[in-house]
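Please open the structure in the viewer and keep the selection panel at hand.

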Amino acid sequence: MRMELDEVQRRLLETARQAAKRAYAPYSGFRVGAAVLALGKVYVGVNVENASLGLTICAERAALARAVAEGAGPVEGVAVWCLDVRPGPDGQLCESAASPCGACRQWLAELAPRAWVVTNTWGRARGVAELLPLAFGPARA
Ligand SMILES: [Zn+2]
């Protein structure tokens, strides 16, 4: 897959890849890292699973929560890297493997409405509005 990403997006993806190594994913075996870029600062998160699976938090939401906790400015971009995705029979990575889930898309719509999102399984950046069109959320001017 040819990655049509700029240098900032590639560097943010590398930060997400490094973070993914610290994920706690003993149940799914899919370690995911996320990196949020806001006003030049980067906030990382990883998926943290739990034996009570519903309590698991995704890397994207963990990174966004960290950004909020640290007083981040407007989010410019988000990178997601699934460390354990493997190529299928066609040699390609399944595009959905590192796609933010529905819950994370709702968080992105609320906390990063103008951000681009990149993953290690997509060939290009996507806007949050593309990921969650007609999102429920607060009215914004
Ligand atoms: Zn998610």
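Select Cys 104 of this predicted model: Cys 104 is buried, at a relative accessible area of 1% (buried means under 20%, exposed over 50%, partly exposed in between, with a 1.4 Å probe and protein chains only). Cys 101, by contrast, is partly exposed, at 31%. Residues are numbered from 1 along each chain as its sequence is written, and side-chain values use heavy atoms, without hydrogens and water. Local features need pLDDT of at least 70 and side-chain atom pairs pLDDT 80 or more, while totals for chains, interfaces and linings use all residues.

Move to helix H2, residues 59-69, whose buried residues include Leu 64 and Ala 67. Helices (H or I, at least four residues) and strands (E, at least two) are DSSP runs, numbered from the N terminus. The buried residues of H2 pack against strands E1 (32-38), E2 (41-46) and E3 (75-82) and helix H3 (102-111), contact being heavy atoms within 4.5 Å. After H2 comes Gly 71, with a positive phi near 75 degrees.

Finally, display the open sheet of 5 strands, ordered E2-E1-E3-E4-E5 with mixed pairing; two strands pair if DSSP finds at least two bridges between them. E2 and E5 (126-127) stand at the edges, each with a single partner strand. E1 and E3 run antiparallel, joined by 7 bridges.
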